[in-house]
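Hi everyone, thanks for making time this morning. I'd like to walk you through one structure, slowly and in plain words.

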Amino acid sequence: MTNLNALDANTEPLPAGTYAAEVVKTELTPVGYESREYLEITFEIIEGPYAGRRLSRLFDPVSPHRLARSVYRAEIIKICQAVDAPAPQNWADPSSYIALHNVPLVITVSCEIYPDAGITMNRVIAYAKKD
């Protein structure tokens with residue numbers, strides 16, 4: 001499965017670790033190599049020296065592939081659980097995700113190294129409730 005994560009342009013990756021964050025944006029994003037849109041969820045770090053930095057994660061909750069669809073939906077449900085929000089009523093409608101916005105949670109971020117491209121990128125890999 002393709003890793004569909006993004007990092008703020010022109011910034012160094014965050015160190016791997018856990019960060020207090022909030023979902024600040026959910027929108028449909030066209031994917032250039034396919035003729036459909038993915039759901040982009042953007043997190044903003046809200047505490048510490050990296051406050052204000054944003055990380056995005058792309059999801060395909062309406063994928064035509066049953067396994068991919070279930071994996072992406074399971075990830076979204078983990079975010080919902082971390083912010084005590086219900087699962088979306090309509091997986092393909094960004095407005096169904098408004099309950100995720102502006103509620104603190106803890107995200108776990110990893111660093112993915114791509115030596116052939118000479119880059120390191122962050123990937124959001126887990127979600128938890130913030131105490």
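Before that, some ground rules. This is a predicted model, so local features need pLDDT of at least 70 and side-chain atom pairs count only at pLDDT 80 or more, while totals for chains, interfaces and linings use all residues. Residues are numbered from 1 along each chain as its sequence is written, and side-chain values use heavy atoms, with hydrogens and water left out.

How confident is the predictor? pLDDT is its confidence in each residue, from 0 to 100. The chain has a mean pLDDT of 89, and 91% of its residues reach 70 or more. Over residues 1-8, though, pLDDT stays under 50, and the model has 30 contacts for that stretch beyond four places in sequence; contact here means heavy atoms within 4.5 Å.

Now the core. A nonpolar core is a set of buried Ala, Val, Leu, Ile, Met, Phe, Trp, Tyr and Cys residues joined through side-chain atoms within 4.5 Å. Buried means under 20% relative accessible area, exposed means over 50%, and partly exposed is in between, using a 1.4 Å probe and protein chains only. The largest nonpolar core has 26 residues, and those touching the most other members are I41, F43, F59, I79, L100, I107 and Y127. At least two core residues come from each of β2 (17-30), β3 (37-45), β4 (54-59), α1 (66-82), β5 (105-114) and β6 (119-129). Which element gives the most to this core? That is α1, with six residues. The names come from DSSP runs numbered from the N terminus: helices are H or I with at least four residues, strands are E with at least two.

Let's zoom in on F59. Not counting residues up to four places away in sequence, F59 touches Y38, L39, I41, Y72, E75, I76, I79 and Y127. One of those, E75, lies in helix α1. E75 counts as buried because its relative accessibility is 13%. Leaving aside neighbours within four places in sequence, E75 is in contact with R57, F59 and Y127.

On to the rings. Rings of Phe, Tyr and Trp (its six-membered ring) pair if their centres lie within 6.5 Å; planes under 30 degrees apart are stacked, over 60 edge-to-face, and the rest tilted. The structure holds three aromatic pairs. Y19 and Y50 make an edge-to-face pair, 6.1 Å centre to centre with 85 degrees between the planes. Y19 sits in strand β2 and Y50 in the loop between β3 and β4, 31 residues apart. Y19 is buried at 11% relative accessibility, whereas Y50 is partly exposed at 28%.

F43 and Y127 form a stacked pair, 5.9 Å centre to centre and 25 degrees between the planes. F43 is in strand β3 and Y127 in strand β6, so this pair ties together parts 84 residues apart in sequence. Both are buried: F43 has a relative accessible area of 1%, and Y127 one of 12%.

D84 is not a glycine, yet has a positive phi of about 55 degrees. N102, also not a glycine, has a positive phi of about 60 degrees. D84 is exposed at 59% relative accessible area, and N102 is exposed at 52%.

Technical notes. pLDDT is the predictor's confidence in each residue, from 0 to 100.
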